[in-house]
4 protein chains.
Amino acid sequence: MSSGNGGTVTEPRAADGDLALVIGQDGKRFILRLAADTELQTHRGVIAHNDLIGAEWGATRHSHLGLPYVLLQPSLDEILLHLKRRSQIIFPKDLGYILLRLAIRPGMRVAEAGTGSGALTVALAWMAGPQGEVHSIDRRTDMQELARANLARLGLQDRVTFHLLDIADGFPIQGLDALFLDLPDPHNYLLQARQALHGGGVLGAILPTANQVSSLVEGLDQQGFSQIDVCEILQRFYKTIPARLRPVDRMVAHTGYLVFARALAPMLGPAPQTGARESDLDLDATQPIGEEEQG
Amino acid sequence: MSSGNGGTVTEPRAADGDLALVIGQDGKRFILRLAADTELQTHRGVIAHNDLIGAEWGATRHSHLGLPYVLLQPSLDEILLHLKRRSQIIFPKDLGYILLRLAIRPGMRVAEAGTGSGALTVALAWMAGPQGEVHSIDRRTDMQELARANLARLGLQDRVTFHLLDIADGFPIQGLDALFLDLPDPHNYLLQARQALHGGGVLGAILPTANQVSSLVEGLDQQGFSQIDVCEILQRFYKTIPARLRPVDRMVAHTGYLVFARALAPMLGPAPQTGARESDLDLDATQPIGEEEQG
Amino acid sequence: MSSGNGGTVTEPRAADGDLALVIGQDGKRFILRLAADTELQTHRGVIAHNDLIGAEWGATRHSHLGLPYVLLQPSLDEILLHLKRRSQIIFPKDLGYILLRLAIRPGMRVAEAGTGSGALTVALAWMAGPQGEVHSIDRRTDMQELARANLARLGLQDRVTFHLLDIADGFPIQGLDALFLDLPDPHNYLLQARQALHGGGVLGAILPTANQVSSLVEGLDQQGFSQIDVCEILQRFYKTIPARLRPVDRMVAHTGYLVFARALAPMLGPAPQTGARESDLDLDATQPIGEEEQG
Amino acid sequence: MSSGNGGTVTEPRAADGDLALVIGQDGKRFILRLAADTELQTHRGVIAHNDLIGAEWGATRHSHLGLPYVLLQPSLDEILLHLKRRSQIIFPKDLGYILLRLAIRPGMRVAEAGTGSGALTVALAWMAGPQGEVHSIDRRTDMQELARANLARLGLQDRVTFHLLDIADGFPIQGLDALFLDLPDPHNYLLQARQALHGGGVLGAILPTANQVSSLVEGLDQQGFSQIDVCEILQRFYKTIPARLRPVDRMVAHTGYLVFARALAPMLGPAPQTGARESDLDLDATQPIGEEEQG
């Protein structure tokens with residue numbers, strides 16, 4: 001991104017071809033790719049891309065009606081909230097935690113079943129980096145086309161391999177570090193999921209209803225998964241008036257239940273119970289867990 | 001990590017020197033680095049590392065008393081919960097969202113002020129990857145030594161530069177993409193923070209009390225930051241008995257308020273107000289924001 | 001209300017003059033007082049009150065367009081949600097807990113400062129019963145007129161005494177069992193509040209911002225109040241489809257912080273600290289507290 | 001309770017036979033009935049009841065070791081948290097809302113099935129007053145004896161009629177205004193419940209698991225109940241240090257799901273659907289519902 005270390009640092013500037021976020025006084029946001037000699041039309045006037053190209057990030061520019069706009073590089077959560085979509089996307093509050101639980105890291109090998117509108121696809125491609133291997137599987141062409149378009153707009157299309165098929169017939173890849181199921185009935189594909197993950201690999205899912213969670217947990221218990229965890233994440237924003245600090249009036253009450261589990265290695269005989277699962281350990285889950293004991 | 005694509009995939013196996021997570025029937029977790037000819041002492045018997053080395057990840061092994069243990073690669077959240085610590089660490093529920101909001105990605109340039117026990121340091125090093133540039137600044141030697149030890153245990157020490165200094169005197173780096181302040185009084189260092197970030201860079205902070213949030217928001221308003229956002233994240237785990245699905249009895253009620261803002265480019269005259277901030281838009285913040293891209 | 005005990009019970013029926021709740025197929029609710037020879041106009045047709053008078057509660061009647069409506073006695077929370085209002089009312093989720101903490105019971109002596117639209121006034125009159133003594137104090141005539149009208153519509157007007165005055169000059173009553181302050185600056189009236197309560201009386205307040213809570217708690221500490229408690233109550237509704245049980249999409253994120261305290265008897269010298277307050281005892285507050293009763 | 005109106009008010013004083021709450025500096029609470037010539041033994045010394053009898057409520061008294069104790073009348077929520085118990089009690093956060101939704105008021109006629117340890121029994125007796133009619137039904141003698149003892153300690157025993165029987169055989173009373181089911185399988189007794197309630201009467205239940213909620217909602221749909229509502233209530237306490245306002249560290253994550261419904265009058269043909277139920281109207285449920293009253 002930038003390079004300075006002390007001394008003189010050149011402020012990074014918006015360049016032709018960069019992805020940009022432009023925000024007006026009314027909070028209205030535009031995400032666009034800068035292209036010389038084109039214009040951004042807003043309800044409050046026209047902004048020439050040429051006025052933005054070459055400007056410092058964080059600079060203020062004005063529309064032809066004289067109204068100010070701030071120029072920023074979009075962060076990942078802003079990009080995701082702006083994606084063209086045809087289905088419910090995974091919210092930032094859930095996505096950050098999913099990426100952490102799937103242990104996403106540069107160079108990893110990960111797949112999602114259920115491409116959806118590509119929000120998770122984008123996040124995986126972003127986080128896994130150029131050396132990463134991201135697979136996205138769906139049986140609907142239209143969804144994959146949308147996700148492909150969303151990736152292309154962000155310049156991330158080369159990091160993702162799309163597979164058009166029904167996972168009931170098995171996954172096209174194996175030895176995965178992590179697999180995320182964004183499907184209404186993940187409990188029907190656990191045998192296939194187990195075969196696609198390497199031993200110890202992480203399975204994740206998001207489900208809107210409690211009934212689906214019961215079905216999935218039951219299936220995970222039976223199909224050689226361990227360390228099953230179910231949780232939900234609530235996010236509450238605050239009004240940002242320092243002398244009158246208070247939460248906003250309304251919030252999202254529910255997006256989905258998050259489920260995580262680890263694949264056990266195939267074995268003869270019954271899988272061992274690893275005792276209380278993490279989600280039963282409500283207090284321990286939030287405390288340092290006993291640490292390295294060594295002989 | 002692994003490489004197969006279709007055909008025959010060799011299951012990845014635990015090797016001498018790997019970081020491993022070993023979980024007993026009672027849910028007791030051990031994180032350790034595998035070393036030939038050493039032993040793991042547990043309350044339920046001894047496990048020879050030599051029994052673990054060469055095993056498939058996800059495999060079950062037994063202590064000398066015959067009790068089963070599952071062998072896994074630790075995920076980032078498990079590593080963080082096991083860190084040796086001397087101060088409160090940032091919880092996974094908050095950390096995932098922080099990484100997303102700071103737009104952490106392979107190769108980025110990021111700093112934290114307040115090294116603490118190094119949990120965020122570990123997460124930043126993990127996510128920024130080998131090409132990333134992570135700086136951690138603290139004025140206490142003991143905290144940095146602990147963080148350094150935690151990084152070394154994970155093999156991530158080469159990705160982080162430690163700076164022992166007081167940020168009241170200014171940051172030792174400039175042009176940062178993102179900066180996280182894990183300090184009790186971040187509002188006292190906003191001028192320095194602004195100079196360390198490049199235009200449009202992301203500032204983040206976590207604060208335990210509402211009074212601190214008021215002080216920080218007031219300072220951000222005055223020091224050329226925009227897009228100020230305050231939120232809190234709550235996580236509720238569920239018991240995983242399919243026929244009796246219900247939340248666990250207790251949960252963490254509070255870790256800290258999260259605050260995010262974007263640095264504006266220096267300008268003459270007053271900074272423009274960008275209207276309602278995201279956190280005021282409680283409904284919009286959760287919906288796709290209308291997008292207008294124009295040629 | 002009703003009287004049967006076993007044997008033949010006559011189902012209670014809607015009578016001329018009764019308060020009724022009428023609900024359409026579209027969920028639209030009407031609260032009205034039944035009056036012979038009048039009509040209820042809905043968007044889906046006209047219902048003659050004469051069709052409702054004499055019907056069993058819980059019965060279905062039809063508009064002149066043939067659309068069905070269910071006839072019910074309104075419960076207290078439904079009445080409160082329907083009150084004519086000119087200011088924010090206290091929500092049912094908060095109100096139930098407030099009534100419990102103020103220990104409202106038949107025959108008790110209670111006051112509120114800040115009449116508002118009369119929602120709490122109605123609830124206090126309802127719960128304190130015909131023998132209760134409810135005082136409502138405000139310095140604005142218009143608010144008291146609205147509250148008076150709301151009470152009259154419910155037939156509760158005789159249970160409440162209104163006082164038109166500024167509590168900065170002191171309360172017009174003394175020896176109160178409980179006092180609720182629904183004002184923006186309750187910390188300015190704590191001396192007056194202390195004089196209006198009998199020793200050990202309960203003070204309650206609701207406040208939208210964290211800053212106001214800090215001011216109030218500080219004042220309570222200084223003005224001879226003890227057992228200070230601050231909390232907030234969140235309520236999440238569920239969709240009621242048995243095979244797809246899940247929370248609704250959105251919820252109220254904030255109404256107000258609730259503050260409670262007990263008045264100490266006037267004493268010479270500093271008030272004793274009663275150690276950890278209840279709200280600090282997050283675990284104990286939810287468990288049976290050890291009891292030692294001794295002869 | 002007290003009587004002054006203006007002029008000279010005599011502060012109410014603790015009398016022989018009164019229920020009292022005594023709180024030490026360490027926050028330790030004792031609920032006891034005052035009895036002349038007896039003593040309260042604490043870990044920090046002995047307090048003679050004779051020192052408390054005649055004292056103003058809110059006064060401070062000292063143990064024989066010189067440590068101060070505050071004398072208060074216990075409020076309902078404090079009484080409930082101190083009840084001797086053999087089963088999970090209903091928490092104050094839920095109880096206040098339940099009382100509101102059941103529209104409890106002086107003189108009403110209400111029953112509970114599942115006496116439990118008598119916490120709801122106590123609350124109903126307290127709120128329904130001396131003219132109220134409270135029935136408590138259980139098939140276990142031991143539970144009823146405990147509840148009876150808890151009521152007797154509070155002097156409320158005359159307000160409750162206990163029934164020792166199995167509600168599978170039907171309820172012993174009819175024409176109830178409200179009925180609360182505190183049982184693991186309320187869906188098995190809905191026909192009986194419907195017969196016990198008068199038309200339009202309110203049914204309430206509390207259930208720990210999502211599976212039970214699905215079963216109950218399904219049964220209510222089939223058995224002539226309407227206006228079905230499911231919700232959960234979360235309460236978060238705050239530390240009460242004004243300069244460091246923040247939530248406590250831990251909170252109760254779950255007690256139970258609350259379910260409410262209204263009994264329809266028996267009718268020929270299928271019951272009308274009243275469209276969206278209240279719990280589906282997440283936004284409307286929190287706003288004044290449009291009202292049309294017509295003459």
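Are Arg262(A) and Glu78(B) buried or exposed? Both residues are buried, where buried means under 20% relative accessible area, exposed means over 50%, and partly exposed lies in between (1.4 Å probe, protein chains only). Please keep in mind that this is a predicted model, in which local features need pLDDT of at least 70, side-chain atom pairs count only at pLDDT 80 or more, and totals for chains, interfaces and linings use all residues. Residues are numbered from 1 along each chain as its sequence is written, chains are lettered from A and ligands numbered from 1 in the order in which they are written, and side-chain values use heavy atoms, with hydrogens and water left out.

**Chain A at a glance**

- Chain A has 7 helices and 15 strands; helices (H or I, at least four residues) and strands (E, at least two) are DSSP runs, numbered from the N terminus.
- Of its 295 residues, 62% count as buried.
- Contact means heavy atoms within 4.5 Å. Among contacts in chain A between residues at least 6 apart in sequence, 62% join residues at least 24 apart.

**Salt bridges between chains**

- The structure holds 48 salt bridges over all chains, each one a side-chain nitrogen of Lys or Arg within 4 Å of a carboxyl oxygen of Asp or Glu.
- Arg101(B) and Asp77(A) form one of them, with their closest N and O atoms 3.3 Å apart. This pair crosses between chains, from helix H3 (residues 92–101) of chain B to helix H2 (residues 76–82) of chain A.
- Arg101(B) is buried at a relative accessible area of 7%, and Asp77(A) is buried at 1%.
- Arg262(A) meets Glu78(B) in a salt bridge of 3.1 Å, N to O. Arg262(A) lies in strand E15 (residues 257–263) of chain A and Glu78(B) in helix H2 (residues 76–82) of chain B, so the pair joins two chains.
- The side chains of Arg262(D) and Glu78(C) also meet in a salt bridge, at 3.1 Å, N to O. Here strand E15 (residues 257–263) of chain D holds Arg262(D) and helix H2 (residues 76–82) of chain C holds Glu78(C), so this pair joins two chains.
- Both Arg262(D) and Glu78(C) are buried.
- A network of salt bridges links Glu232(A), Arg236(B), Arg236(C) and Glu232(D).

**Around Arg246(A)**

- Arg246(A) is found in strand E13 (residues 246–247) of chain A and counts as buried at 12% relative accessibility.
- Its side chain joins that of Asp249(A) through a polar contact of 2.5 Å. A polar contact is a pair of N or O atoms within 3.5 Å; within protein, one must be able to donate a hydrogen and the other to accept it, and residues adjacent in sequence count only if both atoms are side-chain atoms.
- Leaving aside neighbours within four places in sequence, Arg246(A) is in contact with Tyr238(A), Lys239(A), Pro208(C), Thr209(C), His254(C) and Tyr257(C).

**Aromatic rings**

- A search of the whole structure finds 9 aromatic pairs over all chains. Rings of Phe, Tyr and Trp (its six-membered ring) pair if their centres lie within 6.5 Å; planes under 30 degrees apart count as stacked, over 60 as edge-to-face and the rest as tilted.
- Tyr238(A) and Tyr257(B) make an edge-to-face pair, 5.5 Å centre to centre with 85 degrees between the planes. Tyr238(A) sits in strand E12 (residues 225–239) of chain A and Tyr257(B) in strand E15 (residues 257–263) of chain B, so the pair joins two chains.
- Tyr238(A) counts as buried at 1% relative accessibility, and Tyr257(B) counts as buried at 1%.
- Tyr97(B) and Phe260(B) form an edge-to-face pair too, 5.9 Å centre to centre and 75 degrees between the planes. This pair links distant parts of the chain, with Tyr97(B) in helix H3 and Phe260(B) in strand E15 of chain B, 163 residues apart.
- Both Tyr97(B) and Phe260(B) are buried.

**Helix H4 of chain A**

- Helix H4 (residues 119–128) of chain A is mostly covered, with 10 of its 10 residues buried. The buried residues include Leu120(A), Trp126(A) and Met127(A).
- Just after H4(A), Gly129(A) takes a positive phi of about 75 degrees.
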